[in-house]
Amino acid sequence: MSFFNLVDFDDHEQVVYCSDKKTGLKAIIAVHSTALGPAAGGCRFWDYANDESALTDVLRLSRGMTYKNAMAGLKLGGGKAVIIGDPKSLKSPELFKAFGKAVNNLAGRYYTAEDVNINTDDMGIVNQITDYVAGLDGKSGNPAPFTALGTFLGLKAAVKFKLGTDDLTGIKVAVQGLGSVGYSLCQRLHAAGAKLIVTDINPVALEKAATEFNAEVVGLDDIYDQDVDVYSPCALGASINDGTISRLKASIIAGCANNQLAEPKHDQLLKDKSILYVPDYVINAGGIINVSLEIQAETYCADKATKMVERIYDTLMNVFETAKQQDKPTGIVADEMARAIIAKGNK
Ligand code: NAD
């Protein structure tokens, strides 16, 4: 395998393989770019089919963090870590300490945080070894409410741009996934008068949403066929694909999930169908904005984080306007804007 010729290798500054036989730790840390500041991005614990899949994931995710942090206006670069293996059998305090050592060896070029299958307790253990950790209990804490705020405001910006109204009363939103972010988003949408149609694999969350928000519950696959204004993917990646685009009746896609488009070509396909796609890494940056204050501010301040998250509305309006003027898909425009910001940082 030629590493430097891999499709997902994007001139990453540094990729570190970490292993600790005693604890079973096998991890990869990818620092994509430090042009704007130290690389920041969470650590994912996943039972990958093979090491190549783990490498692909960490290369893509770390590049995504560079773009996300740039568009959020943060003085942070992009990085990500993956720990390979089944978290149920492999998790141990010693393993997280060994991971902390690996992060510490990067001497502040990479800040880690929670991601899939890693919680604040785990990161607390990493923090016993290294200071280069964020999202800790007692500091910036759970990022989800901030991600939900940014997603709500991004959805509002899209409704204003596409449907010409500031008022969400009666706007129909199909929400896929009622987890930490999706549920909190539904709370805001319901309070703003939106009508909710929801789906999830978790029946408890569905029952709660039906009771608290008068949400209509539909089957997992039926969410794509709903006659709604907005489709809001808040669960899985790649839910916008060849099989689903033709079914969508929504004129807006605005949700918090990462990597919503299965393939880059779907950006253009959505434009061709006059569906306004809100680029995922711009709308879902609320969490990293909150975390950034733990890394870079002297003291963490939730009010400041909220004000910074509120800027997502204007950033997205700028993306929509530019895409319209240039007759380009919104995802491409966001990428171009992010690259311009990173290029300035590189000088
Ligand atoms: P979560 O694990 O709390 O919630 C995910 C929800 O999706 C769960 O309720 C789960 O039951 C549901 N789900 C799983 N499979 C499903 C399916 N096939 N159909 C419908 N629902 C399904 O995760 P979260 O923190 O709310 O994050 C949601 C998404 O947003 C993820 O893609 C995540 O990467 C992204 N994201 C989260 C944050 C954050 O701050 N938590 C920040 C940026 C991006």
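The centres of domain 1 and domain 2, taken over C-alpha atoms, lie 29 Å apart. Domain 1 comprises 3-63 + 75-126 and domain 2 comprises 144-283 + 315-339, with bounds from an automatic or database domain assignment. The model is predicted, so that local features need pLDDT of at least 70 and side-chain atom pairs count only at pLDDT 80 or more, while totals for chains, interfaces and linings use all residues. Residues are numbered from 1 along each chain as its sequence is written, and side-chain values use heavy atoms, without hydrogens and water.

Asp137 is found in the loop between helix 4 (120-129) and helix 5; helices are DSSP runs of H or I with at least four residues, strands are runs of E with at least two, and both are numbered from the N terminus. Asp137 counts as exposed because its relative accessibility is 52%, the threshold being over 50% with a 1.4 Å probe and protein chains only. Leaving aside residues up to four places away in sequence, Asp137 touches Thr120 and Asp121 (heavy atoms within 4.5 Å). The side chains of Asp137 and Thr120 make a polar contact at 3.1 Å, that is, a pair of N or O atoms within 3.5 Å, one able to donate a hydrogen and the other to accept it. The C-alpha atoms of Asp137 and Gly124 are 7.8 Å apart, although 13 residues separate the two along the chain.

Helix 5 (144-163), helix 9 (265-272), strand 12 (276-277) and helix 13 (312-326) each contribute at least two residues to the lining of the second largest pocket.

Key. Buried < 20%, exposed > 50% of the residue type's maximum accessible area, 1.4 Å probe, protein only.
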